[in-house]
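Biologist: Before we discuss any details, could you take me through this structure feature by feature, giving the general idea first and then the case at hand?

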Amino acid sequence: MLASWSWLNELVEFDREITAEEGAAALTGAGLEVEEFRRVGSDFTGVVVAEVVSKEKHPDADKLTIVNVIDAAGGEPTVVICGAPNVPEAGGRVLWAKPGAVLPGGFKLGEKKLKGVMSAGMLCAEDELGLGEGHDGIIVLGEEGKGLTLGAPAAEALGLADVVFDLCIPANRADALGHVGIARELAALLGGRAKLPEADLSSVVDTSANCADMVSVTIKDAEACPRYLARIIKGVRVGPSPMWMQQRLRNVGVRPISNLVDVTNYVMFELGQPMHAFDYEKVQGQSIVVRHAADGEKMTTLDDVERSLLASDLLICDATAPVAIAGVMGGQTSEVSDSTTSVLLESASFDAMTVRRAAKRLGLHSDASHRFERAVDPNGADLASRRAALLLAQHGGGTVVDGSVDSYPTVAKPITVTMRRSRCAALSGIDVARDVMIETLERQGLSVKQGEGDMIEVEVPTSRADITREVDLIEEVVRIYGFARVPATLPETTVRPKRRSDRRRVRAQAAMIQSGYCESLTYGFTSPQKVAALGYAKEAPQANPIGIDNPMTVEQSVMRTSLWCNLLTSVAHNRKHGVDDVRLFELGSVFLRKEDGSIEEPMHLCSVLAGQRDGWLRPGADVDFFDAKGAAITVLSGLFGSAEGFSFRPNPSSPVLHPGISAGIFDASGKEIGCVGEVHPKVREAFDIDAPVFGVELNIDALQVPDDAQMTGIPRYPAVSRDISMLVEDAVPSSQMLEIIQGCEEPLVASVQVLEDYRDPAHVPAGKKGMLWSVTYRSPERTLTDAEVDKAHKHIEEKLLGDLQATRR
Amino acid sequence: MATEELISKLTSLNEEFASALLLLSSEQEIREVQAKYLGKKGMVSALMREMGKLPPEDKRTVGAAFNKVKTAIAGAVEGRLGELTAAAEKADLARTVDISLPGRVRASGHTHIVTQVRDESVAIFGELGFEVAEGPQIENDFNNFEALGFSKDHPARDEQDTFFVDDGKLLLRTHTSPVQIRTMLSETPPIKIVAPGAVYRRDDDPTHSPMFGQIEGLLIDENVRFSDLKGVLLHFVKRYFGEDLEIRFRPSFFPFVEPGAEVDMQCSFCIDSDSSKCRVCKGTTWVEIGGAGMVDPVVLEHVNIDTEKYTGFAFGMGLERMAMLRHGVNDIKNFYEGDMRFLTQF
């Protein structure tokens, strides 16, 4: 909410002089944060009050007017050219920026020829003085302009200089949505007394008529409308509101319209009570009925839109039809206009939820609905009504019909809340003396009924709906006493650790970093097109992402079912920006719908790799399947100590990968826990990637990380290695050879390694490949003899050659 | 053979050896030649055998001559070997490389900066005994709002513009606070957790992203005070951002805490310079780092914890905000594009 410092100052009598800066700091410190502090109406010089002596059309320009102005009674007129359509007749008063004047932004005025006529400075519009947004015409001073001294500096003469606070009002502080509430806060914080604005109608009331004879009010649902107060003002002349009121409204972000509308807004910003003015003559049957709408009932709101209503909407109706959606927007039929002379002024309170639902559904968020949604104190309705009536009488020339019609079936009463001082100390960590505590509460407008011993009994006015419990009072004490005075202590707790940390994330992450991959974090959502491009079978959960009901963009409209989409998007992004070598991984949740309709969020690891390996002084070779497989093995080793126990088998279930250059990753129980391979060419084309991409996908949540690795002895005896070199059919996978070697069950074999997969056609016949294996033998008990190694190795060699019909190389 | 002849042969053998030695440049060759002269079947040994035939009065003289030659040869060998070693060392030390060529760097991976912030924060809170708890990102209304004091249609819900799922039955959590509820429902006090994780709000500008990371803290025990909350967050700020930084609490409203506060820390960008031009704190010398407060009784009631016996505090901070403050990242989008040029900077 925007607040004006000069306005606040009218509503509080400080014990000493307080600057706007001090006021802002105090409010921020108390939780009404001043997000912006802006001086207005003082950012210009050389602008004076001037009077129009005569005006004529510019001979050579349709839209320009030649205006003769004076800035001293009986002074010599000066010609100023004006482009605005609203130059007043002779005697009208305007704001003249004379040559030498400096306007906001440092714009300096001089004398300037406009279509052949010399113009001395200019006549100012709102925006040119930084007073508001308006540029429809120049500022024309109304009646109050007549009392000003000609030539007086505008800022001082009109009291334009002000400071505007942009306040962030917490959702529970409806009382601070009016200047009075903020003034009360300032008084409590800085020492002073809050005052209410003048609302005595005795000088403007017309006792020849009585409001009760002119209108009736019926509330059909007192829960939805606890109070409805109507008052009537007669003989109003619609015109501009006084300059000071317009300026205050502009300062708080409201565009001045007419005295009628401006007064209702002014009172709302002053007292926090939204007001609505109806044209009394247009209210049929002199009656107001507050009722719920019928489902499907229609009405046209004053923005000229026909609205279809629901039974949950609350309506203000006259004898024949709805005239407003309660708390949200008025209707067209009873709208005040330039010809309005009698006004029915509504000051009511409506149920917060009812207003909120309607405003939200209709997309009509206004200053009024904002306040009603946060609950308006029903006990404030009368003061607001009287205040508005007084202002209308003063500035709209009307008289106030005697009395009001006030339907208030259940009067809201202040509540009593009890606080224990000991509890306050225990919860806050500060011990506030009883008298200080009482004073703090009372300065807030709360009355302490009893302050004996540990208990303090407090009566809370209905305007402070945020205080209902002991803890709210404690908050109030600490807040006003000052959060800054709370010391910093450390908890004396008895907590014992309950969890062993899950190391999977840390280990998987470390393994990927070690493999040279950069961690990426991407959004949990993605686009349905991208999900579809991955090619999962129609019925697979991965092909049926969980949709967002209200996405911001299509790109973010479904939850990701794998990490591929966003990572492949990043590959494309990088390559488009000239980064060809991409190594990315992400560890994060994917969102899958289970068969029973529930949702699971397993943690996945996914990596993507494109471009070249590291090279030194020359480009490295293109990355391939084995780089990705290596990363997978590194991760499994990081998680399990070694990747033994996992197997890589052809034809993984994932459709994201190239069918021939991919493997499923299986755990010892035979469960597929991930895959590795080249991303399917069709998939990468869909993501607009111009090079092969190799990736790994692992369901980290499916991995049961084993007990901590246990130390085995460091070998004491030397190992002996022997090689086997042979020619085999090229279709024989190395895993088959390994199985044969392991199948020999030679107890001395410590490890087996492939050293070469050799297919040079110059040396290897077509359809064959050369395979070089190295077998390492070791005994934990003794140094091996050549004879026993030879025997074991011969067994393995012969088994391989026999089973595979291979030949020695 | 006469004595003179023997001595003269011996002398010439010595000379012969000396000149042969000069031509040799490896230890092996030298040892071979040495053996040829001094070995059992060597030339010197052969001459020695002749010594038996000499008259006894000459043996002493000739024996001395033999010893002299043997010592000379051994000495020459050692000397020659020493020369060779020195030369080899010299040659070895004369080697150079072009040290201006690039190093052979094995491209290292990088942990995402937000993960770094998360891990470091978790570690610092871990020092104070907070354990990590996690929860799902797709949540229900009860855990995300209702149990936290956001009744249906509470205006504070507006501040957390929500993504809904399954026709509004579920939602993407708007904060990590539902983890509080889950933990309090499944465990009994004392509870001391931090919950890091991704959260979602319908917001998108240079400082707001529709998804971002938060870290939430919760302590429920007997005698937990507002001042303890201040102490814990002060500890964190000093450990994470710098020991010379202070924090301040500004009263604020969150439905799940009372009293509630926004937490500011001193702006680390301008603490030693002119704050008036600081773009980070906009001249205020303070920057907001999160929200905090004492757990509202309404929350404890929702999870059946005795509000008289137990009190507690909760706090929440934005991980990206912390990264932005500490590392000068100015557009939150940078965090989520997977751009290697960004990721490799941290």
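Modeller: Gladly, and please keep in mind that this is a predicted model. We can begin with the domains of chain B, where the assignment gives domain 1 (3-93) and domain 2 (113-343).

Biologist: What separates the centres of domain 1 and domain 2 of chain B, taken over C-alpha atoms?

Modeller: The centres of these two domains of chain B, taken over C-alpha atoms, are separated by 89 Å.

Biologist: How are two packed helices described?

Modeller: One gives the angle between their axes together with the distance between the axes. In chain B, helix α5 (residues 113-127) packs with helix α8 (residues 226-240) at an angle of about 130°, and their axes are 10 Å apart. Angles from 65 to 115 degrees count as roughly perpendicular and those over 145 as roughly antiparallel, and α5(B) and α8(B) are therefore oblique to each other. Their crossing is right-handed.

Biologist: Which residues of α5(B) and α8(B) meet?

Modeller: From α5(B) there are B:E120, B:S121, B:I124 and B:F125, and these meet B:F236, B:R239 and B:Y240 in α8(B).

Biologist: In what order do the seven strands of the open sheet in chain B lie?

Modeller: The order is β1-β5-β6-β10-β9-β8-β7, with mixed pairing. The edge strands of this sheet in chain B are β1 (131-132) and β7 (247-254), each of which pairs on one side only. Within the sheet, strand β6 (residues 211-221) of chain B runs antiparallel to strand β10 (residues 311-318) of chain B, and eight bridges join them; B:E216, for instance, has B:G316 in β10(B) as its bridge partner.

Biologist: Where does helix α7 of chain B lie?

Modeller: Helix α7 (residues 178-186) of chain B lies across β5 (191-200), β6 and β10 of that chain, and runs at about 35° to β6(B).

Biologist: Turning to chain A, how should I read a strand such as β43(A)?

Modeller: As a general idea, side chains in a regular strand alternate between the two faces of the sheet. Strand β43 (residues 749-758) of chain A is hardly covered, since the count of buried residues among its ten residues is zero. β43(A) pairs in the antiparallel sense with strand β44 (residues 768-777) of chain A over eight bridges, and A:V749 stands opposite A:Y777 in β44(A).

Biologist: How many residues does the contact take from chain A and from chain B?

Modeller: The contact takes 76 residues from chain A and 67 residues from chain B. On the side of chain A that touches chain B, the largest share, six residues, comes from α13(A).

Note on methods. Residues are numbered from 1 along each chain as its sequence is written. Chains are lettered from A and ligands numbered from 1 in the order in which they are written. This is a predicted model: local features need pLDDT of at least 70, side-chain atom pairs count only at pLDDT 80 or more; totals for chains, interfaces and linings use all residues. A residue is buried if 20 or more other C-beta atoms lie within 10 Å of its own, exposed if 12 or fewer, and partly exposed in between; C-beta atoms are placed from the backbone. Helices (H or I, at least four residues) and strands (E, at least two) are DSSP runs, numbered from the N terminus. Two strands pair if DSSP finds at least two bridges between them. Domain bounds come from an automatic or database domain assignment. Axes are lines fitted to C-alpha atoms, for helices over the stretch in contact, and angles run from 0 to 180 degrees between N-to-C directions. Angles under 35 degrees count as roughly parallel, over 145 as roughly antiparallel, 65 to 115 as roughly perpendicular and the rest as oblique. A crossing is left-handed if the near helix is turned anticlockwise from the far one by less than a right angle, and right-handed if clockwise. Two residues are in contact if their C-beta atoms, placed from the backbone, lie within 7 Å.
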